[in-house]
Amino acid sequence: MKLTKIYGLHSAQAALDYSAENILQVWVDGHRQDKRLSEIIKQVSDLGLNTEKADRKKLDRLAGGPNHQGIVIEIEMPAARSEDQLKTDILNITTPPLFLVLDNVQDPHNLGACLRTADATGVNGVIITKDNATGITPTVCKVASGAAETVPVYQITNLARTLRWLKDQGLWILGAAGDGDQTIYQADLKVPMALVIGAEGKGLRRLTREECDMLVKLPMLGKIESLNLSVATGVFLYEVVRQRMI
């Protein structure tokens, strides 16, 4: 069991909405007069969770700073799934599969933001690498705002091997690259597919590129060469949604 403390009204609400069963302890500021905090405290009470009133100094200490907005929650963090679980879960997908693959992404803020977008766009799962990459951390969970609990995250050891296996299951592997053969708007994204995004500032690794069926890019009309990783991921995924809704 890997425990962590989250804090703040938004993070607390996400935890209560999506993973209340994993909450072990709640600390609240009993002197704070705040309508939204009062609503959350009522929800905590209705769920019968262990709750303790604490002064601001204790909350500051628990949260590691003053930005807790009157609530701190100790929770069991969501666990990444294995490669074997991926092979089982993919059999239960009834619509054309859509996976997001992050190749050695190291910034937890980027992973958290990608998870949030993955939830919004109906991604079946996010595949991350074990080495030289961030896993599910408290920062990831906070940025994801509940999506770390709703989107399956698969942590694998050999990305090239996993991509080959996905191709054997009938998925097309599309890699995002500035030197791509065509823009994302020219590609057919209605097919079963995995979108592969490379690491911050480095892009796709050589072996990863070699496993891609196609390299796609975003048109860059200004002087900046690339977008932030999580922003680019959002643009790519929403083009998938647009094409599949037509």
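Let me begin with the basis of the description. This is a predicted model, in which local features need pLDDT of at least 70 and side-chain atom pairs count only at pLDDT 80 or more, while totals for chains, interfaces and linings use all residues. Residues are numbered from 1 along each chain as its sequence is written, and side-chain values use heavy atoms, with hydrogens and water left out.

I turn to the sheet. As for terms, strands (E, at least two residues) and helices (H or I, at least four residues) are DSSP runs, numbered from the N terminus, and two strands pair if DSSP finds at least two bridges between them.

Within the sheet, S2 (residues 23–28) and S4 (residues 71–76) pair in the antiparallel sense over five bridges.

Axes here are lines fitted to C-alpha atoms, for helices over the stretch in contact (heavy atoms within 4.5 Å), and angles run from 0 to 180 degrees between N-to-C directions.

Next, two loop residues. Gln69 lies in the loop between H3 and S4, and its phi is near 55°, a positive value in a residue other than glycine. With 34% relative accessibility, Gln69 counts as partly exposed; buried means under 20% relative accessible area, exposed over 50%, and partly exposed in between (1.4 Å probe, protein chains only).

Asn132 is placed in the loop between strand S6 (125–129) and helix H6 (138–144). Phi of Asn132 is likewise near 55°, positive in a residue other than glycine, and a relative accessible area of 55% makes Asn132 exposed.

Finally, is Ala147 buried or exposed? Ala147, found in helix H7 (residues 147–150), is buried, with a relative accessible area of 4%. Leaving aside neighbours within four places in sequence, Ala147 is in contact with Leu115, Arg116 and Asp119. Its C-alpha atom is separated by 21 Å from that of Arg242, 95 residues apart along the chain.
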